[in-house]
Structures are given as structure tokens and as C-alpha cells.
Amino acid sequence: MADRVRPGRLQRREARAAYIFIAPWIIGFLVFTAGPMVASLWLSFTDYSLVEPGHPVGMTNYQQLLDDPRVGKSLANTFTYAAMFVPLGTVVALGLAMLLHRVGRAAGFFRTVFYLPVMTPAVAAGAMFLLLLNGQRGLLNQVLGWFGVTGPNWTTDPAWLKPSLAVVSLWTVGGSIIIYLAALNNVPRQLYEAALLDGAGPIRRFWSITLPMISGALFFTIITHTIAAMQMFDQAYTMFYGPQQKATASDESLVYMVYLFQNAFEFFKMGFASAMAWVLFVIILVITVVQVRLGNRFVYYEGDSPR
């Protein structure tokens, strides 16, 4: 009888130890994630301004979202920016990862160099690119001028504001480069050797071997890039809505998170901002579900045959 009891006691003891070890994460999640989410959901149905007590207003905040033209404009700008950055960031990160994959022994040094920009504060990077993309004296336009190309006014021409944000965001693709490099290192060499024996060229090997074998990493980064693009704030606010730029800011640079921030901490419309946050949460959730459903058709998993 005692032999039957001991395993149960051991399992309970191990379960208690496991809960103790994960307790800091559970507490942090409840206090800093779940708690604020529930609070913001409640605030989205109130008229709360940070300086005065809030009172329930029902669906008024959500109705105002439909009536406010700047909400639609900022959301359209965010979608446009995401449509530019996600494919561009994926292609640039994959291209750099493939170059690192061929470097050999020096890959460690260049891997560190490419990842270091991720550690740079977003505000500092935004201020730096504000100077680099200056239409008259910026370094980027000077380099284009060497090749006879007249660069645009990246930060003042409304048509180039969102492309400039997409270019600036390439500064943060270092993490994706590391992920792609790890995926490329895990592609079996014998697949390339067999393809060479069959006479497959570089393009054919890339489409038939490399892409299917790293499709899991591509799938993951595309989802994370999309989520990050929909929540983009730091660079846009630093470049176009700082103390010196706010007076001349154009609605073409107004992304959704910047407008949410303005409503919350400049206009003190915390209830309205909370409603905006929940609408964005639902939009990101829907986009992610669609990506997962579509992506599973093209992602190669170990044990399956490449599609």
C-alpha cells in the first residue's frame, strides 16, 4: 500500500515545485499583462480622462471610432506601411542571412554586426534616420546623387513618408537575420549535392530546397513582422511627432499607434484610446489567424515531403 502512495506524493511534490518555479512568470503575467488588458477593456466602455473619474458610456467610444476620420486614416497608413515593410524586411533579412551563410569563419563577427542595431534604442535610431533621410543634406540622397539619382524628400513629401518608415524599420531586422541563418545552417547538405548531380542551377536549388526547408522560419518571422508593423510607434513618433516636428506633421505619417498615444496622453481620452487598443487587438488576431491558416499549406515540417 505504501508503494502505491509514494508515487502520488512524489508527483504532487514535483507539481508544487513546478508551480513555485513558474510562479514569478504567472504573477508577472497577471499583474502586467492580463490585469491591464482587463482594465483597458473596462475603460473602453467609460469616459475616463486620467484627471477625472470615469463613468460608463456604453458603446459610445466604439461608435466614435467609426465617426472619427483620423482613425480610418491612421489604420490605412498602418496597413500600407505593413504591406511595404513585411515583404521588404523579409527579403532583406533573408538576403543578408544567405550572404552570412557563405562567409564561413567570419560569420560570427558579421552576425554580431548585423544584430547590434537591434540593441539601439528606437528613439536614437529614429533621430539618426531623421538626419540621414533629410531631403537636402541627408547622407542617403548624397549617395544617390553619386549615381545621378535625385533623391526624394523622404521626411517631408507625403508620398514618401510611409516608404521612409519602411526603410527605417529595416534597421531592426537583425533578429530575423539570425533566425534565417540558423535555419539555413540546418538544411541538409546532401539535398544540395543531389540537386547538383541532377543538374539543378542556383535558382532551382533555392526554390526547390532552400525555401521549403526554411519555410518554418519564414512563416514565424512573417507573422512577427506583421504584428510588429501593426504596432509600429517609436520611429514614427520620433521622426514626425517629436517636439520640433509636431507642428509640421502630415496625416500621411499618422500610424494607428501614434494616434492611440495622442488620444491617451495628449488629449486625455483614455476610454477612447482603450477602445482603439482593443480594435487593434482584434485586427491583429484576425490577421494572425488568416496567416496561420494560409501558412500551414506552404510550410514544410520535418517528416513531411516538401510542397
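Residues are numbered from 1 along each chain as its sequence is written, and side-chain values use heavy atoms, with hydrogens and water left out. Because the model is predicted, local features need a pLDDT of at least 70 and side-chain atom pairs count only at pLDDT 80 or more, while totals for chains, interfaces and linings use all residues.

A search of the whole structure finds three salt bridges, a salt bridge being a side-chain nitrogen of Lys or Arg within 4 Å of a carboxyl oxygen of Asp or Glu. One of them joins arginine 70 to aspartate 251, with the closest N and O atoms 3.0 Å apart. Arginine 70 belongs to helix H3 (residues 69-103) and aspartate 251 to the loop between helix H12 (234-240) and helix H13 (256-266), so this pair ties together parts that are 181 residues apart in sequence. Helices here are DSSP runs (H or I, at least four residues), numbered from the N terminus. Arginine 70, at 26% relative accessibility, counts as partly exposed, and aspartate 251 is likewise classed as partly exposed, at 37%; the classes are buried, under 20% relative accessible area, exposed, over 50%, and partly exposed in between (1.4 Å probe, protein chains only).

A salt bridge is also formed between the side chains of lysine 73 and glutamate 252, with an N to O distance of 2.8 Å. Lysine 73 lies in helix H3 and glutamate 252 in the loop between H12 and H13, so that distant parts of the chain, 179 residues apart, are linked by this pair. Relative accessibility is 29% for lysine 73, which counts as partly exposed, and 23% for glutamate 252, which counts as partly exposed. Glutamate 252 additionally meets the side chain of lysine 162 in a salt bridge, at 2.9 Å from N to O. This pair, too, links distant parts of the chain, with lysine 162 in helix H7 (residues 161-169) and glutamate 252 in the loop between H12 and H13, 90 residues apart. Lysine 162 is buried, with a relative accessible area of 10%. An α-helix has 3.6 residues a turn, so residues three or four places apart point the same way.

H2 packs with helix H14 (residues 270-295) at an angle of about 75°, their axes being 9 Å apart, where axes are lines fitted to C-alpha atoms, for helices over the stretch in contact, and angles run from 0 to 180 degrees between N-to-C directions. H2 and H14 are therefore roughly perpendicular to each other, given that angles under 35 degrees count as roughly parallel, over 145 as roughly antiparallel, 65 to 115 as roughly perpendicular and the rest as oblique. Asn61, Tyr62, Gln64 and Leu65 of H2 make the contact with Gly271, Phe272, Ala275, Met276, Trp278 and Val279 of H14, contact meaning heavy atoms within 4.5 Å. By class, the contact of H2 with H14 comprises seven nonpolar, three polar and no charged residues; Ala, Val, Leu, Ile, Met, Phe, Trp, Tyr, Cys and Pro count as nonpolar, Asp, Glu, Lys and Arg as charged, and the others, Gly among them, as polar.

H3 and helix H4 (residues 107-119) have axes that come within 8 Å and cross at roughly 155°, which makes H3 roughly antiparallel to H4. Leu96, Leu100 and Val103 in H3 meet Ala107, Phe110, Arg111 and Phe114 in H4, and by class this contact of H3 with H4 has six nonpolar, no polar and one charged residues.

Two individual residues complete the description. Phenylalanine 268, in the loop between H13 and H14, has a positive phi of about 55° although it is not a glycine, and at 38% relative accessibility phenylalanine 268 counts as partly exposed. Valine 292 lies in helix H14 and is partly exposed, with a relative accessible area of 31%. Leaving aside neighbours within four places in sequence, valine 292 is in contact with Phe219 and Ile223, whereas the C-alpha atoms of valine 292 and threonine 210, 82 residues apart along the chain, are separated by 21 Å.

Technical notes: Helices (H or I, at least four residues) and strands (E, at least two) are DSSP runs, numbered from the N terminus.
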